[in-house]
Amino acid sequence: MKKILLSLAFAAASFGSAMAQNAQDAAAAAAQAISEASQETVNTPKPKYWTNSIVLDLGVNQTQLVNWAAGGYNTITLNAGLDAKANYVKQLASWTNRLQMQYGFLYSDEKVGLLQKSTDRLYLESKFAYRTNRSDSKWSYSAAYDFRTQFTDNFDSYEKDDEGNWTRTLKSGFLSPAYMNLGFGMDWVPNEWFNVNFAPITGSLTMVRDTSLRKNYGLELSKEGLDANVGANYNTTIFKLGAQVKANLKIKINDNLGFETQLVLFSNYLKDPQNMRVNLDNKLSWQLTKFFKLGFNTWLIYDPDVLIADKSGANHTQRVQFKEFLTFNFTWTFANGK
């Protein structure tokens, strides 16, 4: 009997020891799992708040005529463009930036020795916005800035004088004119492809560096008035305080065809607020292959302060300005996102 009791006691002790070992192993496994989970949480990559993209375009057109009965001129056209974006989004705050640069020129046998510009544009936009109340709100408080000018001088009325030299009339140039606007208001973004910026407090500055062009772009006579050397002496800049509305629409018709437009309206509180300044830009692009794109751009401008002459070079008055540009480009896009 004594041996039986000792055997039972030994079995019970062995069973208890096995149970304790299993419990210890389970606790160790649980501790390891918690440790690994904590390590995975620590190694989670930080969120990226910036998204960037750059689109480069390069286009060349050439016409060569040999014994062409209908007539014409040999021409070469070269154009290049850059469209760069850098956007920042964190919680309720966002900061969007866009730089557009385009330049092109035309060489024709008709005007030997001259390069004529076909397109010239420098346009910078920057906007800071902060959503109202909650993250899903379509309205934001905003501060928006934009700057617009061109790179080089532009001429018109190419004619030859009696000695065979080309004469031309200066129409515009770098910072002649240049437009700068800073507006404070509200941003409405109902969806990802359409937004409107309302800026009831907008300061607008027009600058004309070249003295001979200041009158044509609405600048006023300076306090000195007339100068014996240069005649009428005009101010370099003119400041306007008004309201601005900027609407942007960007839609993707299909995988290769897209359309983008921007309408900007500005009314000057200080003088003739009913005469609004209008800028309308349209871009239609067709991505033919990965690296080749067909583009059609139009620009429409109406500025009541800009005086434009008629075809005879006289009768300077306000006129609607319009330009269209059709290109076949080699295009290269690279971007990084969140």
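Colleague: Why is Arg148 called buried?

Modeller: Happy to start there, with a reminder that this is a predicted model. The relative accessible area of Arg148 is 15%. A residue counts as buried when that value is under 20%. Therefore Arg148, at 15%, belongs with the buried residues.

Colleague: Where does Arg148 sit, and which residues does Arg148 touch?

Modeller: Arg148 is found in strand E5. Leaving out residues up to four places away in sequence, Arg148 touches Arg121, Leu122, Tyr123, Pro177, Ala178, Tyr179, Gln262, Asn279 and Asp281. Each of these counts as a contact because heavy atoms lie within 4.5 Å.

Colleague: What share of the protein chain is buried?

Modeller: Of the 338 residues in the protein chain, 30% are buried. The protein chain also exposes about 21,600 Å², and 60% of that area is supplied by carbon and sulfur atoms.

Colleague: Let us turn to Leu56. What makes Leu56 count as partly exposed?

Modeller: The relative accessibility of Leu56 is 27%. Buried would need a value under 20%, and exposed a value over 50%. Because 27% lies in between, Leu56 is called partly exposed.

Colleague: How do you know which residues Leu56 touches?

Modeller: The test is again heavy atoms within 4.5 Å. Not counting residues up to four places away in sequence, Leu56 touches Gly81, Leu82, Phe330, Thr331 and Trp332. Leu56 itself lies in strand E1, residues 50–63. Take Gly81 as an example: Leu56 and Gly81 are 25 residues apart along the chain, and their C-alpha atoms are separated by 5.8 Å.

Colleague: What share of contacts joins residues 24 or more positions apart?

Modeller: Among the contacts in the protein chain with a separation of 6 or more, 56% are between residues 24 or more positions apart. The chain holds one helix and 16 strands.

Colleague: Are Trp193 and Phe194 buried, partly exposed or exposed, and how do you know?

Modeller: Trp193 has 42% relative accessibility, and Phe194 has a relative accessible area of 23%. Both values lie between the cut-offs of 20% and 50%, so Trp193 and Phe194 are partly exposed. Ring pairs also link Trp193 and Phe194 with Trp139, Trp188 and Phe198 into a cluster.

Colleague: What can you tell me about the lining of the largest pocket?

Modeller: The largest pocket is lined by 50 residues, and Gln150, Asn154, Ser172, Tyr217 and Gln321 lie nearest its centre. Its space is about 1,600 Å³. The lining divides into 18 nonpolar, 17 polar and 15 charged residues. Strand E4 gives the largest share of this lining, seven residues.

Colleague: Which strand gives the largest share of the lining of the second largest pocket?

Modeller: That is E4, with eight residues. The second largest pocket has a volume of about 1,300 Å³. It is lined by 48 residues, and the closest to its centre are Asn87, Thr96, Lys127, Glu192 and Asn195. This lining divides into 14 nonpolar, 20 polar and 14 charged residues.

Definitions and conventions. Residues are numbered from 1 along each chain as its sequence is written. This is a predicted model: local features need pLDDT of at least 70, side-chain atom pairs count only at pLDDT 80 or more; totals for chains, interfaces and linings use all residues. Side-chain values use heavy atoms; hydrogens and water are left out. On a 1 Å grid over the protein atoms alone, a cavity is a set of points where a 1.4 Å probe fits but cannot get out, and a pocket is an open set with protein on both sides within 12 Å along at least five of seven lines; lining residues have an atom within 4 Å of a point. Grid points are joined across faces, edges and corners, and a volume is the space filled by probe spheres set on the points. Helices (H or I, at least four residues) and strands (E, at least two) are DSSP runs, numbered from the N terminus. Ala, Val, Leu, Ile, Met, Phe, Trp, Tyr, Cys and Pro count as nonpolar, Asp, Glu, Lys and Arg as charged, and the others, Gly among them, as polar. Buried means under 20% relative accessible area, exposed over 50%, partly exposed in between (1.4 Å probe, protein chains only). Accessible areas come from the Shrake-Rupley method with a 1.4 Å probe; for residues, only the protein chains shown count as cover. Rings of Phe, Tyr and Trp (its six-membered ring) pair if their centres lie within 6.5 Å; planes under 30 degrees apart count as stacked, over 60 as edge-to-face and the rest as tilted.
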